[in-house]
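Please examine the sequence and the three-dimensional structure shown here before reading on. The explanation is intended to be followed with both in view.

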Amino acid sequence: MKNLSTIHTTSGAHTLDINLANGFFSRLSGLMFRKPLAPDRGLLITRCPSVHTAFMRMAIDVVYLNRAGIVTRCVAHLKPWHVSVSTGKDVHAKPITKAAHTLELAAGSIQRLGIQAGNRFDHVFFQNTSPDQGAAIPNTQRGSAMIEFTVVGPILMLIGMAILQYSTLFFAKNQINYATFMAARAGAMVNANQNEINQAYITALVPLYGGGQNSAELAISRGKADADVTSFVHIDILSPTKESFDDWEDKALTASIGGGKRVIPNSGQATKDPNQVGATSGQSIQDANLIKLRVIHGYEPKIPFMKSIYITYLKYLDPKT
């Protein structure tokens, strides 16, 4: 069943199929979780001088009306997760009177229909309201605004906490990536010494644990990083392996510069055949010259309440591999 209404603008009279949100639940839900509006569809929310677009899947045009259905303000293309109010200033910098009702239309309707302040919206809801009542404004929304905030507020707070938690994890991941790079760099300079790799990793993590502006503060942050790395981090050297040295050890270099420790030559890599693969390691000499690390770093979420949700969700996603 269509609920036909008419809006009179400078471009003529336009017929719209308008649903009425006059009850508690219809006004509370509005267009949340709904499909995008068709160009000739809309929703009239009574006793509503402000709107939000939380949990909406599309942008909308918002037309504010006084009690007689006269347009007081137009807000075009209000994006999801935004808020709009009926008050403000017009093009002449004069204050706009607070609206009584809100008409929500498909994005682009204001421009397409030529809707502007002063236009009249005819709907059965306004049949018992005379035009001279247009300036009258209801004093309350019968508690609906508080109810909406009670429902939406905690959800928005949870979303904000989730974003904050994700931000901390994103920063931690970036810092861990950097620390891994610095550990590999250090390993390349000290013959893949495991202890030197670990120390370089810890040093690069200092900013994640607070950093500092002097040596004492830096020492405290480094101590925190050291404690966490000792308890929650495992660093494996994936390459070169023992088999890499078995395949590519240079006996002369081992004797001359290795001091008895096996050495893989790294000069003249461009002239050596990359297709020649060691029988034991399965690596070419170019691969054997690359240090590769695997870092498993356990990082605990920090945001209260949200950390429990994240941990539970990540456990659910864990493929147990």
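Predicted model: local features only at pLDDT ≥ 70, side-chain atom pairs only at ≥ 80, totals over all residues.

The mean pLDDT of the protein chain is 88, and 92% of the residues reach a score of at least 70. Confidence is highest in strand β5, residues 60-65, with a mean of 96, and lowest in α1, with a mean of 83. Residues 132-141 have a pLDDT below 50; in the model, this stretch makes 17 contacts beyond near neighbours in sequence.

The interior may be approached through its nonpolar residues. In soluble globular proteins, nonpolar side chains tend to be buried together. Here the largest nonpolar core comprises 18 residues, and those touching the most other members are I197, Y201, L205, V229 and L293. At least two residues of this core come from each of α3, α4 (194-204), α5 (215-232) and β12. Helix α3 provides the largest share, with 5 residues.

The largest pocket holds about 640 Å³ of space. It is lined by 22 residues, of which N191, A192, F245, V263 and I264 are the closest to its centre. Helix α3, which spans residues 144-189, gives the most to this lining, with 3 residues. Sorted by class, the lining consists of 14 nonpolar, 6 polar and 2 charged residues.

Several points in the backbone also deserve attention. Which peptide bond is cis, with omega near 0°? It is the bond from S239 to P240. P240 belongs to the loop between β12 (233-239) and α6 (242-248).

Two residues other than glycine have a positive phi. For F33 the value is near 65°, and this residue lies in the loop between α1 (24-29) and β3 (41-45). Is the F33 position buried or exposed? F33 has a relative accessible area of 58%; because the exposed class begins over 50%, F33 counts as exposed. For A93, phi is about 65°, and the residue is situated in the loop between β8 (88-89) and β9 (95-96).

Key. Residues numbered from 1 in each chain as written. Heavy atoms only, no water. 1 Å grid on protein atoms, 1.4 Å probe; cavity = no way out; pocket = protein on both sides within 12 Å on 5 of 7 lines; lining within 4 Å. Points joined across faces, edges and corners; volume = space filled by probe spheres on them. Helix = DSSP H or I, 4+ residues; strand = E, 2+ residues; numbered from the N terminus. Nonpolar A, V, L, I, M, F, W, Y, C, P; charged D, E, K, R; others polar. Buried < 20%, exposed > 50% of the residue type's maximum accessible area, 1.4 Å probe, protein only. Core = buried A, V, L, I, M, F, W, Y, C linked by side-chain atoms within 4.5 Å. pLDDT = per-residue confidence, 0-100. Contact = heavy atoms within 4.5 Å.
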